[in-house]
Amino acid sequence: MTVKSVFITAVLFFGSPLLAQTPSTPAPTPAAPKAPTHQPGVAAHPSNSTTLPDAANADKVDPAKDTAIRHLMDLTQTSKMGDEINAYITKQVHDGLSQALQPDRLAKFMADFSTKLDAAAPASAVTDAVVPIYAKAFSMEDLQGLIQFYESPLGQRVVKTLPQVAQASQRVGVELEQKGALTVLQGMSNDYPELKQMLQPGPEDGADKAPGPDRAPAPAPAPQPPAK
């Protein structure tokens with residue numbers, strides 16, 4: 001595997017949470033859900049002064065605050081997190097076993113697995129576990145302000161468009177950083193000759209694919225004079 005391939009793999013692995021912010025609808029058969037992440041209205045990185053609770057040991061949340069949190073999660077579509085995680089795990093299991101089981105056995109296995117997973121870890125349990133985290137991070141006044149915002153037309157527009165904005169922004173950032181890293185590695189290859197072979201494009205990098213807009217096609221062969 002070349003260095004470029006490693007970069008692409010790393011981008012797909014680490015980038016998937018952010019690229020998946022667009023809400024998804026669970027399908028009856030394994031679709032292609034991405035790894036879920038937080039939604040608008042949820043602090044991605046709480047301040048150091050806020051210690052978020054362990055869901056298993058969280059204190060009971062005041063009923064009024066519990067209701068407000070669940071309403072906020074519905075508005076920001078974070079309440080779908082459990083379904084998205086369930087679908088993501090199911091897809092990973094399906095892909096992992098697709099080479100080990102015949103199609104008919106795989107379909108039967110996945111139907112059985114999905115039923116048992118829903119019973120063992122229902123999607124609603126994720127919401128129940130997240131509520132105390134919101135309760136610790138936000139006051140009732142905070143929640144009311146967030147609800148007021150996300151009930152507004154602008155708030156709903158943020159919910160619908162911010163995932164796409166974040167996705168496009170991450171792609172631009174990843175492309176810039178990847179290009180910069182490859183340039184640096186190429187510059188260091190004189191001091192570290194072992195890098196040169198790793199930096200050579202391989203088939204997985206598209207070396208044998210049709211030329212794109214940035215790759216000039218091979219020149220056509222010169223015309224042969226007619227036979228006499």
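Trainee: What is the relative accessibility of D95?
Mentor: Bear in mind that we're looking at a predicted model. D95 sits in helix α3 (residues 81–97). It counts as partly exposed, since buried means under 20% and exposed means over 50%, and the computed relative accessibility of D95 is 36%.

Trainee: Which residue does D95 form a salt bridge with?
Mentor: Look within helix α3, at a residue 4 places from D95, about one turn of the helix. The closest N and O atoms of the pair are 2.5 Å apart, and the partner of D95 is K91.

Trainee: Is K91 buried or exposed?
Mentor: The cut-off for buried is under 20% relative accessible area. K91 comes out at 18%, so the class is buried.

Trainee: How many salt bridges does the count come to?
Mentor: Side chains of opposite charge can pair when their charged atoms come close. The rule here asks for a Lys or Arg side-chain nitrogen within 4 Å of an Asp or Glu carboxyl oxygen. By that rule, the count of salt bridges is 4.

Trainee: What are the relative accessibilities of R70 and D128?
Mentor: Both fall between the 20% and 50% cut-offs, so R70 counts as partly exposed and so does D128. The value for R70 is 29%, and for D128 it is 41%.

Trainee: Which residue is linked with R70 and D128 in a network of salt bridges?
Mentor: The D128 and R70 side chains meet in a salt bridge. The network also takes in another Asp, and that residue is D66.

Trainee: How far apart are the closest N and O atoms of D112 and K116?
Mentor: Both residues are in helix α4 (residues 103–120), 4 residues apart, so about one helical turn separates them. D112 is partly exposed at 36%, while K116 is exposed at 54%. They form a salt bridge, with the closest N and O atoms apart by 3.4 Å.

Trainee: What arc do the buried residues L106, M110 and L117 of α4 cover around the axis?
Mentor: L106, M110 and L117 are buried in α4. They're on the same side of the helix, because the arc they cover is only 40°.

Trainee: Leaving aside neighbours within four places in sequence, which residues is T127 in contact with?
Mentor: T127 is found in helix α5. With 12% relative accessibility, under the 20% cut-off, T127 counts as buried. Past those neighbours, its contacts are R70, M73 and S79.

Trainee: What is the phi of Q77?
Mentor: Q77 lies in the loop between α2 and α3 and counts as buried, at 18%. Its phi is positive although Q77 is not a glycine, with a value of about 65°.

Trainee: What angle do the ring planes of Y134 and F138 make?
Mentor: This is one of 3 aromatic pairs in the structure. The ring centres of Y134 and F138 are 6.0 Å apart, and both residues are buried. The pair is tilted because the planes lie at 50°.

Trainee: In which helix is confidence lowest?
Mentor: The chain averages a pLDDT of 77, with 62% of the residues scoring at least 70. Confidence is highest in helix α6 (residues 140–151), at 98. Over residues 6–33 the pLDDT is below 50, and the helix with the lowest mean, 46, is α1.

Technical notes
Residues numbered from 1 in each chain as written. Predicted model: local features only at pLDDT ≥ 70, side-chain atom pairs only at ≥ 80, totals over all residues. Heavy atoms only, no water. Buried < 20%, exposed > 50% of the residue type's maximum accessible area, 1.4 Å probe, protein only. Helix = DSSP H or I, 4+ residues; strand = E, 2+ residues; numbered from the N terminus. Arc of directions from axis to C-beta. Contact = heavy atoms within 4.5 Å. pLDDT = per-residue confidence, 0-100. Phe/Tyr/Trp six-rings, centres within 6.5 Å; stacked < 30°, edge-to-face > 60°.
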